[in-house]
Amino acid sequence: MRRQEIREMTMQVVYQMDVMNDFDYRNISLITENEEIQKENQALKTLDVIRDHQEDIDATINAHSDKWKTSRMAKTDLAILRIAVAEICYMDSIPDSVSIDEAVNMAKKYGENRSYAFINSVLGKIAGDK
């Protein structure tokens with residue numbers, strides 16, 4: 001499975017966790033029904049970080065997004081941001097530039113018209129403050 005596909009599946013799980021307000025990904029049907037994602041160590045590491053640090057990740061997003069709080073953000077954008085912030089702040093094995101680039105690409109594919117610009121701006125600030 002390609003890295004882009006893994007990130008997209010991870011984003012779908014994070015989105016589903018937010019909709020269900022249950023941040024234990026082991027309860028999410030996309031995980032329990034998909035053997036491929038269960039084998040993807042990187043996806044599971046990212047989901048562990050989001051589960052364990054969700055409040056801190058959201059606080060970081062809130063602190064770096066001008067006039068937008070996570071409670072007002074589109075759930076797709078928020079899922080993309082949570083993945084990238086988890087990687088930037090907690091997963092040193094992934095370069096910040098890769099996390100930002102992948103997040104922007106996902107926002108272009110799944111987000112609204114200008115989601116990618118918003119996500120790029122927020123992540124750039126977070127990476128710059130790291």
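Biologist: Before turning to single residues, what does "buried" mean in terms of relative accessible area?

Modeller: A residue is called buried when its relative accessible area is under 20%, exposed when that value is over 50%, and partly exposed in between. The model before us is predicted, and Arg82 is a clear case for this reading: its relative accessibility is 3%, so Arg82 counts as buried.

Biologist: Where is Arg82 found, and with which residues is it in contact, apart from its neighbours within four places in sequence?

Modeller: Arg82 is found in helix α5, which covers residues 75-90. Beyond its neighbours within four places in sequence, Arg82 is in contact with Val14, Asp18, Phe23, Ile50, Gln54, Ile57, Asp58 and Ile61.

Biologist: How far apart are Gly111 and Thr76, in sequence and in space?

Modeller: Separation along the chain and separation in space are to be read side by side. Gly111 and Thr76 are 35 residues apart in sequence, while their C-alpha atoms are 6.3 Å apart. With neighbours within four places in sequence left aside, Gly111 is in contact with Asp77 and Met106.

Biologist: What share of the 130 residues is buried?

Modeller: Buried residues make up 46% of the 130. As for the surface, the protein exposes about 6,900 Å², of which carbon and sulfur atoms supply 44%.

Biologist: How many residues does the largest nonpolar core have, and which have the most contacts inside it?

Modeller: A nonpolar core is a set of buried nonpolar residues joined through side-chain atoms. The largest one here has 35 residues, and Met17 and Leu123 have the most contacts inside it. The elements giving two or more residues to this core are α1 (3-20), α4 (41-64), α5, α6 and α7. Helix α5 supplies the largest share, nine residues. Leaving aside neighbours within four places in sequence, Leu123 is in contact with Leu81, Ala84, Val85, Ile88, Ile100 and Ala103.

Notes: Residues are numbered from 1 along each chain as its sequence is written. This is a predicted model: local features need pLDDT of at least 70, side-chain atom pairs count only at pLDDT 80 or more; totals for chains, interfaces and linings use all residues. Side-chain values use heavy atoms; hydrogens and water are left out. Buried means under 20% relative accessible area, exposed over 50%, partly exposed in between (1.4 Å probe, protein chains only). Accessible areas come from the Shrake-Rupley method with a 1.4 Å probe; for residues, only the protein chains shown count as cover. Contact means heavy atoms within 4.5 Å. A nonpolar core is a set of buried Ala, Val, Leu, Ile, Met, Phe, Trp, Tyr and Cys residues joined through side-chain atoms within 4.5 Å.
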